[in-house]
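This briefing is meant to be read alongside the sequence and the coordinates. It takes up helix packing, nonpolar cores and a few single residues in turn.

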Amino acid sequence: GIVIASINNATKKITLTSMMRDTRVIKPNGHATKLTIAYHDGGPELLIECIESNLGVDIDNYVVVTYPDVVKIVDAAGGIEMELYEEEIYHMQEKIEAVSKTVGVYWEDYMIPLDQPGEHNLNGVQAAAFMRVRMAGNGDYERTERARRVLIGLKEKVSDMNLFQLGKFADVVLPCITTDIEQDEIAQHLAKLGRYLK
C-alpha cells in the first residue's frame, strides 16, 4: 500500500493517509498511468513526482518496505493484535500461502481457522497476508485500511517497548527499509520516537 505519513512536530501527531493504488495520474512525459504502475516504472522517485504534480501534496522523503520485510518487522515486534472477520480470514488463506512461499516457510503452519473470527495476534506472515487482502469488505478501500491498521498495530506494540527492546527492534527494521532519509536524520527521528509513540 501507499501511505503518506505526516508528522506534526508541534502537536506530536502522526497522520496516515492512504493513496489508492489505481489512482489515475499523468506522468511528466504526459502519459496517463496508475500510481502503482508509476512506482513499478520509476520507483519511489516517479511515484513522488506523480503525487506532487497531480495531487498537490509535497512529499519530503520516502520509505519502501517489501512484503518479506513486513514479515521480519512484525515478527520482531512479537506480532500485532488484529480483529478479523470471517471473510477476511477466508481471503487471507491464499495470501498466506503466497507470502509463505516467498519467505520460504510452510504455509499450513500459518493458516487461521475460518471458524475463529475475532481477536488474533498475527505473526509476520499473517500480517503481510492481511495487508494484501482486497476482495473482503469494501474492496481496495478496505485494503488501504488494512495497511494502516497494521502500521497502527505496530505502533501499539512498539509503544510498550523499553529502550533496550526499541534498540533491538530498530536493528531489525533499519536494514529492511529503503529510504532517501540520511542516517543522521534517522537518528534524530529515533531520538524523538518515545514522545511521538505516546
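This is a predicted model: local features need pLDDT of at least 70, side-chain atom pairs count only at pLDDT 80 or more; totals for chains, interfaces and linings use all residues.

**Helix packing, cores and selected residues**

H3 passes H4 in a right-handed crossing.

**H3 against H4**

- The axes of H3 and H4 come within 8 Å of each other and cross at roughly 120 degrees; with angles of 65 to 115 degrees counting as roughly perpendicular and those over 145 as roughly antiparallel, H3 is therefore oblique to H4.
- On the H3 side the contact is made by Glu88, Met92, Lys95, Ile96, Ala98, Val99, Ser100 and Val103, which meet Val125, Gln126, Ala128, Ala129, Phe130 and Arg132 of H4.
- By residue class, the contact of H3 with H4 divides into nine nonpolar, two polar and three charged residues.

- Helix H2 spans residues 67-76, and its buried residues are Asp69, Val70, Val71, Ile73 and Val74.
- Just after H2 in the chain, Gly78 adopts a positive phi of about 85 degrees.

**H2 against H6**

- H2 and H6 pack at an angle of about 170 degrees, and their axes lie 9 Å apart.
- Because angles over 145 degrees count as roughly antiparallel, H2 and H6 are classed as roughly antiparallel to each other.
- Lys72, Ile73 and Ala76 of H2 make this contact with Phe169, Val172 and Val173 of H6.
- The residues of the contact of H2 with H6 comprise five nonpolar, no polar and one charged.

**Nonpolar cores**

- The largest nonpolar core has 33 residues, and the members that touch the most other members are Ile80, Leu84, Leu122, Leu154 and Phe169.
- Two or more residues of this core come from each of the elements H2, E6, H3, H4, H5 and H6, and H4 gives the most, with six residues.
- Ile80, one of the members with the most contacts inside the core, touches Val74, His120, Asn121, Leu122, Ala127, Val150, Gly153, Leu154 and Lys157, when residues up to four places away in sequence are not counted.

- Which class of accessibility, buried or exposed, does Asp140 fall into? Asp140, placed in helix H5, has a relative accessible area of 13%, and because the limit for buried is under 20%, Asp140 counts as buried.
- Leaving aside residues up to four places away in sequence, Asp140 touches Met20, Arg21, Asp22 and Arg134.
- Between Asp140 and Val57 there are 83 residues of sequence separation, and their C-alpha atoms are 21 Å apart in space.
- Glu145 also has its place in helix H5, and at 35% relative accessibility Glu145 is counted as partly exposed, because that class lies between under 20% for buried and over 50% for exposed.
- Glu145 and Thr17 are 128 residues apart in sequence, while the distance in space between them is 9.4 Å, C-alpha to C-alpha.

How values were computed
Residues are numbered from 1 along each chain as its sequence is written. Side-chain values use heavy atoms; hydrogens and water are left out. Buried means under 20% relative accessible area, exposed over 50%, partly exposed in between (1.4 Å probe, protein chains only). Helices (H or I, at least four residues) and strands (E, at least two) are DSSP runs, numbered from the N terminus. Contact means heavy atoms within 4.5 Å. Axes are lines fitted to C-alpha atoms, for helices over the stretch in contact, and angles run from 0 to 180 degrees between N-to-C directions. Angles under 35 degrees count as roughly parallel, over 145 as roughly antiparallel, 65 to 115 as roughly perpendicular and the rest as oblique. Ala, Val, Leu, Ile, Met, Phe, Trp, Tyr, Cys and Pro count as nonpolar, Asp, Glu, Lys and Arg as charged, and the others, Gly among them, as polar. A nonpolar core is a set of buried Ala, Val, Leu, Ile, Met, Phe, Trp, Tyr and Cys residues joined through side-chain atoms within 4.5 Å. A crossing is left-handed if the near helix is turned anticlockwise from the far one by less than a right angle, and right-handed if clockwise.
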